[in-house]
Amino acid sequence: MNKVLLIGRLTRDPETRETTSGIKYSRFTIAINRAYSDNQADFVPVVVWRNQADFVEKYIRKGALVSIEGRFTSSSYA
């Protein structure tokens, strides 16, 4: 099973775009404070698609506290 639940704040306004086939997506990064440490955070990049991208574009801005539920994938660029 591959499921994550993250709660954090957006580090900047989301970037919303469309693929060449017209599918909308939004990218943003959330900062997640570490539970037992002062002044430490993890920065997690997030991508949402279609209707979720529409919602993010309309309502979510830098500093907003968000809860993300989804699956984890990693990728690297050569």
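1. Trp49 is partly exposed, at 41% relative accessible area. Keep in mind that this is a predicted model. Tyr25 counts as buried because its relative accessibility is 16%, under the 20% cut-off.

2. Two aromatic pairs are present in the structure. Tyr25 and Trp49 make up one of them. Their ring centres lie 5.3 Å apart, with 40° between the planes, and the pair is tilted. Tyr25 sits in strand S3 and Trp49 in strand S4. The two residues are 24 apart, so this pair links distant parts of the chain.

3. Phe55 and Tyr59 also pair. Their centres are 4.9 Å apart and their planes meet at 45°, so this pair is tilted. Both residues belong to helix H1, 4 residues apart, which means about one helical turn separates them. Phe55 is partly exposed, with 47% relative accessible area. Tyr59 is exposed, at 57%.

4. The largest nonpolar core holds 11 residues. They are Leu10, Phe28, Ile30, Ile32, Val46, Val48, Ala53, Val56, Ile60, Val66 and Ile68. Strand S3 (24–33), strand S4 (41–49), helix H1 (50–59) and strand S5 (65–70) each give two or more residues to this core. S3 gives the most, with 3 residues.

5. Phe28 is one of the core residues. What is Phe28 in contact with, leaving aside its neighbours within four places in sequence? The partners are Leu10, Pro14, Val44, Pro45, Val46, Val48, Val56 and Ile68.

Key
Residues are numbered from 1 along each chain as its sequence is written. This is a predicted model: local features need pLDDT of at least 70, side-chain atom pairs count only at pLDDT 80 or more; totals for chains, interfaces and linings use all residues. Side-chain values use heavy atoms; hydrogens and water are left out. A nonpolar core is a set of buried Ala, Val, Leu, Ile, Met, Phe, Trp, Tyr and Cys residues joined through side-chain atoms within 4.5 Å. Buried means under 20% relative accessible area, exposed over 50%, partly exposed in between (1.4 Å probe, protein chains only). Contact means heavy atoms within 4.5 Å. Rings of Phe, Tyr and Trp (its six-membered ring) pair if their centres lie within 6.5 Å; planes under 30 degrees apart count as stacked, over 60 as edge-to-face and the rest as tilted.
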